[in-house]
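User: I have a structure open and could use a quick tour. Can we go through it piece by piece?

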Amino acid sequence: MELPSLPAYVTTVVIVAIVVLCYRFAVSPTVRALSSRLTVWRATLATAVASAPLAFLPAPDPGPFRWFIVFVTALLTWQGTTSDYDVTQPIGPQRSAKVALLLLAVASCFWAPALLPWLAVYCGRLRGWKHHAMMPLRLLKAYLAWFFVGTALSTPEPSTGLVLVLGCVSLSHYVKPAWSKARLGPRPWSWAWYNRTHYLTASAYSWGWARFLPAETVTGILRRARAMDRPLNILTVLVETAGLVAFHDRSLLVAVLVATAVFNLAVVLASGIFFWENICTNAALALTVALLPDQEYDAAFGWPAVVIALLIFILSTADLLWQPWHLGWWDSPFTARVNWQVETASGATLGLYNDFMCPYEREFGRVLGYFLISEPILHGHLGIVWDPELRDRLVRAAGDPAELHHLKQTYGRAQTNAEQAREHIAFLTTMFIRLNSGTPKGPLPRRLRRLKAPGGQLYQWGDLPPYRGEEPVRRITIRYQERCYRPETGDFVLLADGVVQEIHLPATTTNHGSPSCARFSSTAGPTSESC
């Protein structure tokens, strides 16, 4: 490939640097401020202040990326407008926020600054600032920063800098997890060589993923997967680090973006963690890059572009630009989880799984409920730990209650919190009283529920059939369970199962206030991250 002249790279470097600074110090703080206290007046003022100086300047041409941004906006708008209501809160404002999100999405197709109030509504009113949507949201913020910079500079340069910025934002969400894995063990390759990744599938099955499969079938899958741990670990690290050289040429960048989408598909099958937003976004970005004109975007590729991208990856990994999650841990076969079940008016006992708890499906799919119990907790979501010795001792403790008790006392930490427990019980009580009285669960009627955007935590199965809201609920039972997969015997063992709390719902509907799930959730806050 013939390299373009040096001035082309200099122009690209300057534009990328200004766009990244605009993202970090202008667009992101503005979105965060608007999301935290969103009003029509504040959103209108912020948008006017940001766009008024540019009203008489020509807007930059994003080229094929215009349709990519429209696609990502439509994708997240679908999620935001079809997610369920928090029925403990007034429905009217939530319905209005969904309508506003839809209207602003349409407006942004013709006027890019409309993305600013769109981001505020999605991240704030609709609680969209969550792990699985962070990468596409950051892409929209980066595009908005590029639009403001391109308009202010009135540069005739094509959207070369946009290729680098969007590609770096996306791939930084894989480079940083690779860095985190490299720091887990005594050597950079310790995780790839020693992590027993098939434990992740075993823990996900215990947690509630794919429980429609018989345990014998899953055991057979795990036996075969065990031999693939090391090759899959190495492949994972290669995919995550490929972004470091992805900008060497266009074909390589397309291949890396496709590889990340395929990688996330594999994560779904292995763990029930569904990054569908990332899958769709990276596939669309790969297609957009593949369709770019041949010579017009040459400055976005080559070794100078690799150096630019490397600097951005270093800064984002250090949390100086945006803050991708670390996503590095050791997998263990032991899980301790809080589960919810309901007794309906007819006396049926059904499982209350995280998909029914939308818009808090992520919270109810992870570790929510530990504040209800005094038992020391050893691990994070899906049995993950950060000490390989603890993982190995958990494997041995599966058949030894005394050893398990010792590990809890040594490594565990009780997370009991009386105030959070009261708020949680009040939330569940209010939610089901209002559902029992006929309050709509979501904006879609029952016959159109299949059009609802999917969730990101697919733990929708368990020991009981799922509750889908068919009849009123008269009692909610919260249970604590410990399960373990024994690799030597290949069986799943229920180590502990006890009732934590029973909530009896009154037969008449009364107002119990409006407690919010977001108050005790670790991830429901709209501005939980600074960038």
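User: How many of the 20 residues of helix 6 are buried?

Analyst: 18 of the 20, so helix 6 is largely enclosed by the rest of the structure. Buried means under 20% relative accessible area, exposed means over 50%, and partly exposed is in between (1.4 Å probe, protein chains only). Helices (H or I, at least four residues) and strands (E, at least two) are DSSP runs, numbered from the N terminus.

User: What should I know about the model itself?

Analyst: This is a predicted model: local features need pLDDT of at least 70, side-chain atom pairs count only at pLDDT 80 or more, and totals for chains, interfaces and linings use all residues. Residues are numbered from 1 along each chain as its sequence is written, and side-chain values use heavy atoms, with hydrogens and water left out.

User: Back to helix 6. What span should it have?

Analyst: Helix 6 covers residues 134–153 and should span 28 Å at 1.5 Å a residue. The expected span is 1.5 Å times one less than the number of residues. The end C-alpha atoms of helix 6 are 28 Å apart, which agrees.

User: What comes just after helix 6?

Analyst: Ser154, with a positive phi of about 50°.

User: New topic. Is Tyr122 buried or exposed?

Analyst: Buried, at a relative accessible area of 1%. Tyr122 sits in helix 5 (residues 115–125).

User: Which residues does Tyr122 touch?

Analyst: Leaving out residues up to four places away in sequence, its contacts include Leu76, Gln79, Trp129 and Leu137. Contact means heavy atoms within 4.5 Å.

User: How many salt bridges does the structure hold?

Analyst: There are 18. A salt bridge is a side-chain nitrogen of Lys or Arg within 4 Å of a carboxyl oxygen of Asp or Glu. One of them joins Arg449 and Asp84 (2.7 Å, N to O). Arg449 lies in the loop between helix 18 (418–436) and strand 3 (473–486), and Asp84 in the loop between helix 3 (65–82) and helix 4 (91–108), so the pair ties together parts that are 365 residues apart in sequence.

User: What about Glu343 and Arg474?

Analyst: Their side chains meet in a salt bridge (2.5 Å, N to O). Glu343 is in strand 1 and Arg474 in strand 3, so this pair ties together parts 131 residues apart in sequence. Salt bridges that share partners join Glu343, Arg474, Arg475 and Glu502 into one network.
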